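Thanks for coming. I have one model to go through today, and I will end on a single residue. Please have a look at it first.

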Amino acid sequence: MQPFTLNYARPAAELEYSTPYAYDPGMQLNVTLDGRIAARDHALLRELGTTTSTAGSKTHFDD
């Protein structure tokens, strides 16, 4: 017998997106493509709500 939800469940769609910032390991901050600190870009923060990085979880075991 197959569970009811398996008849209707679908895998989440993969969304293609690119972040307008990247993590700079030297500065340990997210920076925009032109080198500015992403957290100081108010327009970027209004659009995205936050800038996130996975660096903390890779370098700190208590995250």
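Of the 63 residues in the protein, 13% are buried, where buried means under 20% relative accessible area, exposed over 50%, and partly exposed in between, with a 1.4 Å probe and protein chains only. Before going on, the conventions: this is a predicted model, local features need pLDDT of at least 70, side-chain atom pairs count only at pLDDT 80 or more, and totals for chains, interfaces and linings use all residues. Residues are numbered from 1 along each chain as its sequence is written, and side-chain values use heavy atoms, leaving out hydrogens and water.

The protein has two helices and two strands, in the order β-β-α-α along the sequence. Helices (H or I, at least four residues) and strands (E, at least two) are DSSP runs numbered from the N terminus. Among contacts with a separation of 6 or more, 19% are between residues 24 or more positions apart; a contact means heavy atoms within 4.5 Å.

Now Asp41. This residue sits in the loop between strand 2 (29–32) and helix 1 (42–48). Is Asp41 buried or exposed? Asp41 counts as buried, because its relative accessibility is 14%.

What does Asp41 touch, leaving aside residues up to four places away in sequence? The answer is Thr32 and Arg36. With Arg36 there is a side-chain to side-chain polar contact of 3.3 Å, that is, a pair of N or O atoms within 3.5 Å; within protein, one must be able to donate a hydrogen and the other to accept it, and residues adjacent in sequence count only if both atoms are side-chain atoms. The Asp41 side chain also reaches the backbone nitrogen of Ala43, at 3.3 Å.
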